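Q: I have a structure open and I'd like to go through it slowly. Could you take my questions one at a time?

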Amino acid sequence: FAHSMDRGEMFHAPVPVVYGRNPSDAGVAGRGDSVVVVFEDPNTSQSRVGYALSHTSGHIFEKRGFVTPHEEVATAPWVRIDGDRVTVWWKSGDRLSGRPEQSVDRVGLRIGLWN
């Protein structure tokens, strides 16, 4: 995660949100000094959505964890902050079955309070 405090004239050094071998899809939302980043975790055997929360404009991320359960295949996350509420969406389905006719795509949703 990297950000600018002067409308893009200069950017702060990037702050790692997650380390991994491959790039992954991510979503970012901010409100005031609060920032939340959601991402496909590049370190799991199947795609899961993780999160990182910051109350310091993204200079450090104080909280990290997973939004989706281990058994759910979750991709393409996006996020929104509305007041003290964080909403995360993702695409979900059984892409690991190897049988496209049995694959199910749907949108997952989780809402939580920002703290």
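Q: Which residue in β4 does Leu53 stand opposite?
A: In this predicted model, Leu53 stands opposite Lys63 in β4. A strand here is a DSSP run of E with at least two residues, numbered from the N terminus.

Q: And how many bridges do β3 and β4 have between them?
A: Strand β3, which covers residues 49-54, pairs with β4 over four bridges in the antiparallel sense. Two strands count as paired if DSSP finds at least two bridges between them.

Q: What is the order of strands in the sheet they belong to?
A: The order is β1-β2-β3-β4, in an open sheet of four strands with antiparallel pairing. Its edge strands are β1 (26-31) and β4 (63-66), each of which pairs on one side only. From one strand to the next the twist averages 15 degrees, where the axes are lines fitted to C-alpha atoms and angles run from 0 to 180 degrees between N-to-C directions.

Q: Before we go on, how are the residues numbered, and what is left out?
A: Residues are numbered from 1 along each chain as its sequence is written, and side-chain values use heavy atoms, with hydrogens and water left out. Because the model is predicted, local features need pLDDT of at least 70 and side-chain atom pairs count only at pLDDT 80 or more, whereas totals for chains, interfaces and linings use all residues.

Q: OK, new topic: what is the order in the sheet of three strands?
A: That open sheet has the order β5-β6-β7, again with antiparallel pairing. Strands β5 (74-82) and β7 (106-113) stand at the edges with a single partner strand each, so one side of each is left without a neighbour in the sheet. Neighbouring strands of this sheet are turned by 20 degrees against each other on average, direction ignored.

Q: What does its side chain make polar contact with?
A: The side chain of Ser92 makes a polar contact with the side chain of Glu72 at 2.5 Å. A polar contact is a pair of N or O atoms within 3.5 Å; within protein, one must be able to donate a hydrogen and the other to accept it, and residues adjacent in sequence count only if both atoms are side-chain atoms. A polar atom of the Ser92 side chain also lies 3.1 Å from the backbone oxygen of Val73.

Q: Let's switch to Thr68: where is Thr68 placed, and which residues does it touch?
A: Thr68 is in the loop between β4 and β5, and at 3% relative accessibility it counts as buried. Leaving aside residues up to four places away in sequence, Thr68 touches Arg48, Val49, Ala74 and Trp90, where contact means heavy atoms within 4.5 Å. A polar atom of its side chain lies 3.0 Å from the backbone nitrogen of Val49.

Q: Last one: how many helices and strands does the protein chain have?
A: The protein chain has zero helices and seven strands, and buried residues make up 35% of its 115 residues.

Key:
Buried means under 20% relative accessible area, exposed over 50%, partly exposed in between (1.4 Å probe, protein chains only).
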